[in-house]
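Reader: Please walk me through this model. I want each label tied to its criterion.

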Amino acid sequence: MSFDYDLFVIGGGSGGVRAARISAGYGARVALAEESRMGGTCVIRGCVPKKLMVYASGAPEAAAESRGYGWLDAEAGDFSWPAFRPKLDEELDRLERAYSAGLEAAGVTIHKQRARLRGPHEVELAGGEVFTAKHILIAAGGRPYLPDLPGAELGMISDDLFLMKRLPTRALVVGGGFIACEFAGILNGLGVPTVQVYRGDKVLRGFDSGLRDLMTEQIAESGVSLRLNASPEKLEADGERIRVSMNDGTTEYYDAVMFATGRVPYTKGLGLEEAGVKTGKWGEILVDEWSQTNIPSIFAVGDVTDRINLTPVAIREGHAFADTVFGNKPDKLDHSLVASAVYTRPHEAATIGMTEDEAELRGDVLIYETRFRPMRSMFAGSDARVMMKLVVDRQSDRVLGCHIFGPDAGEMIQLAAIAVTMGATKRDFDRTVAVHPTMAEELVTLRQPARVIDAVKDRAIGA
Ligand SMILES: Cc1cc2nc3c(=O)[nH]c(=O)nc-3n(C[C@H](O)[C@H](O)[C@H](O)COP(=O)(O)OP(=O)(O)OC[C@H]3O[C@@H](n4cnc5c(N)ncnc54)[C@H](O)[C@@H]3O)c2cc1C
Ligand SMILES: NC(=O)c1ccc[n+]([C@@H]2O[C@H](COP(=O)([O-])OP(=O)(O)OC[C@H]3O[C@@H](n4cnc5c(N)ncnc54)[C@H](O)[C@@H]3O)[C@@H](O)[C@H]2O)c1
């Protein structure tokens, strides 16, 4: 049977663009449909604009530090959203053009339309055109999840923050995950009085407990009004403002409420049922280790599969798909060791591998940990503390996890992640000569374990 294309990709985000470009490089005839802007979540409404806003929000803290170093008049002054926003738009336009140009240069045919499946080898565009393809890759990403509460539609989602006409005068951020912590920090740093409300008692569920404690403290100390063990119950419009009723009986007024309450796979209306593709509880496309669905001609990568929802993961899954299907180089991603960082200020939380909480369950592990005030901010009069932690297997000496809370922790974990991924032992860390004076040198000078977690069997005997 002959097909219009060898590969049809649905979604021009991190995973789809990479898969399309690499597959075309192997000589495949590739088409890609994107219903919105090329580049997807990360480039247009995620990692990139978010990180630029994190940089913007750091000015008051940089001024405070400068004053501590003798620049007594240093002040950040007022942030101008009307000056920043057009620059941000220009940068995103530039990146979008670069993504489209990269695909075109690789020979990929771009359809600027929504696409849906019509069968195992058929894709239909919103305009009605139907194409056949030997393989179809779904890389449709995710969408914010809004809690089911009255008036939720009055709230914003993270996408809206980059498109605001003006900064709010008082904002509420709902949630305690990556997005809530980052965006509460951004708004606060830009000078917006910000409240973050989280239903648990510590933010960043699933992270190492040391990171969670320090991040929870930092948010509260940074000027964000952090309200724990609370949730909004109802939102009502009141003129220009939003009246928010909390489950603790309080009522407050905001002019912006942002929900950062998780994301779900964007699979609605994709025609998955017609093509017979199996999905899970949240609509995520179920795939095997090769990113192949139950329909052999249909694959899926990135957030739409809800494995690990990070850009580098979507990119690697897309690349592995192309290598396997068109490059004659079977490859798959090992999801067991993936580093990540939460971009807050002044300190970031960065992590790879086993947490101390997981180590408690596994047993037979040594925990090395240091907490200190770094030279740079301490000199300027700050009490902010850094934490570095290694989780080490007691039998093999292998470093199973590394967790850092500190300035630029994301940069540090990237390098530590190489060692951890290579299977480095604690002895390898120890024999690495320190670079002095740096913060990261503490990772290679951790002498004594702070805690010993016995093997589970030993604990049972002792109990
Ligand atoms: C605010 C925010 C900040 C983030 N920050 C980070 C970060 O710092 N680091 C990090 O690693 N990750 C971050 N992420 C996560 C990261 O953005 C995602 O993991 C990544 O973009 C997933 O890539 P993807 O290819 O699966 O999907 P996406 O990038 O979401 O791309 C999917 C694309 O498919 C298109 N599409 C969907 N359905 C159709 C259809 N039927 N037809 C045509 N086109 C369609 C969409 O318009 C979209 O462009 C962040 C996410 C958010 C929301
Ligand atoms: N720096 C980064 O790498 C980065 C940044 C942003 C997003 N991301 C990716 O995007 C994903 C989505 O981010 P996110 O922060 O939206 O999700 P998340 O899963 O990290 O956090 C969701 C938060 O919302 C809370 N929540 C859920 N339902 C709620 C309800 N009904 N009422 C009140 N609170 C509720 C949860 O308790 C949790 O704190 C992340 O998991 C991550 O994979 C990564």
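Reader: How do the residues of the shell around ligand 1 divide into nonpolar, polar and charged?

Author: The shell around ligand 1 has 14 nonpolar, 15 polar and six charged residues. Ala, Val, Leu, Ile, Met, Phe, Trp, Tyr, Cys and Pro count as nonpolar, Asp, Glu, Lys and Arg as charged, and the others, Gly among them, as polar. This is a predicted model, where local features need pLDDT of at least 70, side-chain atom pairs need pLDDT 80 or more, and totals for chains, interfaces and linings use all residues. Residues are numbered from 1 along each chain as its sequence is written, while chains are lettered from A and ligands numbered from 1 in the order in which they are written.

Reader: What makes a residue part of the surroundings of ligand 1, and how many residues surround it?

Author: The C-beta atom, placed from the backbone, must lie within 6 Å of the molecule. For ligand 1, 35 residues surround it. The closest are G11, G13, G40, G141 and G302. Two or more shell residues come from each of α1 (14-25), α2 (40-45), α3, β4 (115-119) and α10.

Reader: Which residues are closest to ligand 2?

Author: They are P147, G176, G177, I179 and N309, out of 23 surrounding residues. By class, that shell has 11 nonpolar, eight polar and four charged residues. Helix α7 gives the largest share, four residues. Both α7 (178-189) and β17 (340-342) supply at least two.

Reader: Where does UniProt place the feature "binding site"?

Author: The unreviewed entry places it at K51 and D303. UniProt positions are given in the numbering used here, feature names are shortened, and annotations may be inferred rather than shown by experiment. K51 is in helix α3 (residues 47-57). D303 is in the loop between β16 (298-300) and α10 (311-325).

Reader: Why is K51 called partly exposed?

Author: The label follows from a count of other C-beta atoms, placed from the backbone, within 10 Å of the residue's own: 20 or more is buried, 12 or fewer is exposed, and in between is partly exposed. K51 has 14, so K51 is partly exposed.

Reader: Why does D303 count as buried?

Author: D303 has 30 C-beta neighbours inside 10 Å, so D303 is buried. Beyond its neighbours within four places in sequence, D303 is in contact (C-beta atoms, placed from the backbone, within 7 Å) with G141, G142, R263, P265, N309 and A314.

Reader: What is the order of the four strands in the open sheet?

Author: The order is β10-β9-β8-β14, with parallel pairing. β10 (225-228) and β14 (256-259) stand at the edges because each has a single partner strand. One side of each is thus left without a neighbour in the sheet. The twist averages 20 degrees from one strand to the next.

Reader: How do you know that β9 and β10 pair?

Author: Pairing requires DSSP to find at least two bridges between two strands. Strand β9 (residues 194-198) and β10 have four, in the parallel sense. Q196 stands opposite L226 in β10. Helix α7 lies across β8 (171-174), β9 and β14, at about 165 degrees to β9. Axes are lines fitted to C-alpha atoms, for helices over the stretch in contact, and angles run from 0 to 180 degrees between N-to-C directions.

Reader: Why is β20 described as largely enclosed?

Author: Seven of the eight residues of β20 (residues 386-393) are buried, so the rest of the structure largely encloses this strand. β21 is mostly covered, with eight of its eight residues buried.

Reader: Which strands pair with β20?

Author: Strand β19 (residues 365-372) is joined to β20 by eight bridges, and the two run antiparallel. E369 has K389 in β20 as its bridge partner. Strand β21 (residues 399-406) pairs with β20 over six bridges, in the antiparallel sense. There, V392 stands opposite V399, and K389 stands opposite H403.

Reader: How many residues lie between β20 and β21 in their hairpin?

Author: Five. In the turn, D397 has a positive phi of about 70 degrees.

Reader: How many bridges link β18 to β21?

Author: Strand β18 (residues 348-353) and β21 pair over six bridges, in the antiparallel sense. The bridge partner of E348 is G406 in β21.

How values were computed: Two residues are in contact if their C-beta atoms, placed from the backbone, lie within 7 Å.
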